[in-house]
Amino acid sequence: MSDLPGAAAPGRRFGARVLEAGSLAEIAREIERTGSDPEGVGIMTRKGRIFAVWLNDVPLKASPLLKQEMLSAGGDASHARGVADHSVASSPVLLLASWGQYRRILPKLRRQPFALREVADEVDRALRAYVAHGPRTVPGAHRPIVVGDRPRVMGVVNVTPDSFSDGGRFLDPAAAVAHAHELVDEGADVVDVGGESTRPGAPPVSAEAEWARIAPVLSALHGELEVPISVDTRHPDVARRAVDAGADLVNDVSGLRSEEMRRVVARSGAAVVVMHMRGEPASMQAHLEYADLRAEVYRALADATNAAIADGVPAERILVDPGLGFGKSAEQSLELLLHAGEFRSLGYPVLIGASRKSFLGWALGGAEPTDRLEAGLASAVLAAERGVALVRTHDVGPTVRALALVAAADRWRSRPPATAEALAATEPDA
Ligand code: HH2
């Protein structure tokens, strides 16, 4: 052994290697490979990964208690320096603990004052939603939309004269219908039909003009297309008529901010994509300041989905989308893409639309929309790797082929460990 070159080199004797084991199944399999007994696999899997949980505005009195409870279980919590000398009224808090530690900490927090019961309930819900995986059927108005079994693809049909990447190509209803069928042949799981460009600076289109564009397309697709149909609209009246004409899903880039839209969606039985956009397409790129981008988008999506549920939209029909490029700079869109998985903590399937967008052009040093395909595929892969359920794209065939590898990797990574019961002991409901 010692004659082999390198065998005695410092740090090589034991083959110390940092493992890539992100999911609970992967951690359990690695523990198993050491020959540990099944009970040990269950216990140690709970320790194998630290979950960082962000909290906004934790009251001054609650922050030190929170830190104390986290430390007592072997985790930690970071808060503002001003908590110590009472110079702040509240603080953001970052919790750091393993799954097993959270299981011990949360019941203790629930017995504490100063809103810590509420903190515990929120952390518990976010963690469970984040780790939840597996297929999910989102009921639509006519047909269900299946997500979560593999990264799914939504193909775009823009029945518009002025969309930023394909304006005018599918304005003719026959061309739009043919394109929808083509996208399905290429593997689209959902087809998103829109009659208004919402690119930065786009002038608004009236509900009548929008409906005139998409009505013939929807009526030709209804009963003919093999996959669910989505309607991309901000107008309640267009959404209502589109669902009557066969749409299963309402994709509202204004995030159900209109009460009428919430009521239309609730009454129609449609599934809905609640997307984040600040302001209107015509002016949204004028104000790009966020104190905390991800926290603000998260808060807005939480508020919008709560309002939808209060107005009668069932939670199981909701998907969320952080809205890349909608009132975001290139860097901000990139940040949201890289953290898209965090939005899973809301408990809804996440959709991402990065296809051909200007932040891809920025990353490429100024490429035109037609030259952004490969960067768009990279963004689809990044999103799917982060557990995004549905990727919205103009380039369906290449995206489906790129995501086939992500699906294969997911299947490989989530192979159950031999001691599956031991892993079950680490699952959220254990
Ligand atoms: N992006 C666009 C339109 N609709 N819907 C969701 N949920 N998410 C998105 O990111 C999204 C969307 C913009 O793309 P496109 O439809 O091609 O452009 P235009 O608005 O110019 O028609």
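Analyst: Gly223 counts as exposed because its relative accessibility is 66%. On this scale, exposed means over 50% relative accessible area, buried means under 20%, and partly exposed is in between, with a 1.4 Å probe and protein chains only. The model is a predicted one, in which local features need pLDDT of at least 70 and side-chain atom pairs count only at pLDDT 80 or more, while totals for chains, interfaces and linings use all residues. Residues are numbered from 1 along each chain as its sequence is written, and side-chain values use heavy atoms, with hydrogens and water left out.

Gly223 sits in the loop that runs between helix H7 (207–221) and strand E8 (229–232). Helices (H or I, at least four residues) and strands (E, at least two) are DSSP runs numbered from the N terminus. Between Gly223 and Arg263 there are 40 residues in sequence and 26 Å in space, C-alpha to C-alpha.

Let's step back along the chain to H7. Its axis and that of helix H6 (residues 173–185) come within 9 Å and cross at roughly 45°; axes are lines fitted to C-alpha atoms, for helices over the stretch in contact, and angles run from 0 to 180 degrees between N-to-C directions. H6 and H7 are therefore oblique to each other. The classes are roughly parallel under 35 degrees, roughly antiparallel over 145, roughly perpendicular from 65 to 115, and oblique for the rest. The crossing of H6 past H7 is right-handed; the near helix is turned clockwise from the far one by less than a right angle in that case, and anticlockwise in a left-handed crossing. On the H6 side, the contact is made by Pro173, Ala176, Val177, Ala180 and His181, which meet Pro216, Val217, Ala220 and Leu221 of H7. Contact means heavy atoms within 4.5 Å.

Asp248 counts as buried because its relative accessibility is 0%. Leaving out residues up to four places away in sequence, Asp248 touches Gly140, Ala141, His142, Arg143, Pro228, Ile229, Ala270 and Ala271.

Leu256 is not a glycine, yet has a positive phi of about 55°. With a relative accessible area of 1%, Leu256 is buried. H8 and H9 themselves pack at an angle of about 10°, with axes 9 Å apart, and are therefore roughly parallel to each other. Pro236, Ala239, Arg240 and Val243 of H8 make this contact with Glu260, Met261, Val264 and Ser268 of H9.

Now for the interior. A nonpolar core is a set of buried Ala, Val, Leu, Ile, Met, Phe, Trp, Tyr and Cys residues joined through side-chain atoms within 4.5 Å. The largest one has 68 residues, and the members that touch the most other members are Val191, Val193, Val250 and Ile352. Apart from it lies another core of 24 residues, including Leu66, Met70, Tyr102 and Ile105. Not counting residues up to four places away in sequence, the residues that Ile352 touches include Leu324, Leu337, Ala340, Ala383 and Leu390.

His394 counts as buried because its relative accessibility is 8%. Its side chain is joined to that of Ser355 by a polar contact of 2.6 Å; such a contact is a pair of N or O atoms within 3.5 Å where, within protein, one must be able to donate a hydrogen and the other to accept it, and residues adjacent in sequence count only if both atoms are side-chain atoms. Beyond four places in sequence, the residues His394 touches include Val156, Asn158, Phe164, Asp166 and Arg356.
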